[in-house]
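Please keep the model in view while reading.

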Amino acid sequence: MQLAIVVNEGPYTHQASDTAYHFTKAALEKGHGITRVFFYHDGVNNGTRLTVPPQDDRNLQKLWSELGEKHGLDLVVCIAAAQRRGILDADEARRHGKDASNLAPGFRISGLGQLIEAGIEADRLVVFGD
Amino acid sequence: MSTLHTVNKTPFERNALQSCVGHLSPGDALLMIEDGVVGARKGSSATAMVQAALASGGVYALASDLDARGIRPEDMIEGIQRVDYGGFVDLVAQHARTVAWL
């Protein structure tokens, strides 16, 4: 079965991102496919490569990147939500005259259409938020 | 066309559980996750509401979230089933759609 995941909350402010991660991992272990993980609203904060949590804490951003790399996941960050919160890839940074970009490995920036498409293509859409 | 409902807030913080229970159709399932698992504890003012949900369909609670909050199997309302993340995935697959009561 194909599942699409929506993450509406950032790491460390709410458990939603942890739950979404563990759910996605369990779904993959059971042999389901993940159409896309769409990070929306504060959820885009899962996609910054500059997070440095304490060494004894989980690094959610890194966990998402690693899971994405291992399973070839499409990790999409909503562009409007990301720009408001200072999450930029190299192209967006250049376009807006910023001196740095911070999008984490394995993530890509795209639009809300990707959420609609995932909802249409997947068998189930599962939302995690506050 | 059954629905899986997820509730992630305690019934003492928000009315998500109450709203959800009011919308359950026969054959639907209710899964308590995150702080929502507090609703699985027996002997609270929310117990009757959860028992009403149990009468109309399956009620489940995420085991790791129960454990994190010190809610042991013997503390839980009878009939609520503990599931792990794999069980969560199975519930999503078994129902035609999932609604998150955020």
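**The sheet of chain B**

In this predicted model, chain B has an open sheet of 5 strands in the order β4-β3-β2-β1-β5, with parallel pairing. Strands β4 (81-83) and β5 (97-101) of chain B lie at the edges with a single partner strand each, so one side of each has no neighbour in the sheet. Direction ignored, neighbouring strands of this sheet are turned by 25 degrees against each other on average, where axes are lines fitted to C-alpha atoms, for helices over the stretch in contact, and angles run from 0 to 180 degrees between N-to-C directions.

Strand β1 (residues 3-7) of chain B pairs in the parallel sense with strand β2 (residues 29-32) of chain B over 4 bridges, and B:His5 has B:Leu30 in β2(B) as its bridge partner. Strands count as paired if DSSP finds at least two bridges between them; strands (E, at least two residues) and helices (H or I, at least four) are DSSP runs numbered from the N terminus.

**Strands β1 and β2 of chain A**

In strand β1 (residues 2-7) of chain A, 5 of the 6 residues are buried, that is, 20 or more other C-beta atoms lie within 10 Å of their own, with C-beta atoms placed from the backbone. β1(A) pairs in the parallel sense with β2(A) over 6 bridges, A:Gln2 having A:Gly33 as its bridge partner, and with β5(A) over 5 bridges, where A:Ala4 stands opposite A:Leu125.

**Strand β3 of chain A**

Strand β3 (residues 75-78) of chain A is covered on both faces, with A:Leu75 and A:Val77 buried on one side and A:Val76 and A:Cys78 buried on the other. In a regular strand the side chains alternate between the two faces of the sheet. Strand β2 (residues 33-39) of chain A runs parallel to β3(A) and is joined to it by 3 bridges, with A:Val37 opposite A:Leu75. β3(A) also pairs in the parallel sense with strand β4 (residues 107-110) of chain A over 4 bridges, and here A:Val77 stands opposite A:Ile109.

**Contact between the chains**

The contact takes 16 residues from chain A and 12 residues from chain B, residues being in contact if their C-beta atoms, placed from the backbone, lie within 7 Å. On the side of chain A that touches chain B, α1 (16-29) and β5 (124-128) of chain A are the elements giving two or more residues, and α1(A) gives the most, with 5 residues.

**Numbering and confidence**

Residues are numbered from 1 along each chain as its sequence is written, while chains are lettered from A and ligands numbered from 1 in the order in which they are written. Local features need pLDDT of at least 70 and side-chain atom pairs count only at pLDDT 80 or more, whereas totals for chains, interfaces and linings use all residues.

Technical notes. A residue is buried if 20 or more other C-beta atoms lie within 10 Å of its own, exposed if 12 or fewer, and partly exposed in between; C-beta atoms are placed from the backbone. Two residues are in contact if their C-beta atoms, placed from the backbone, lie within 7 Å.
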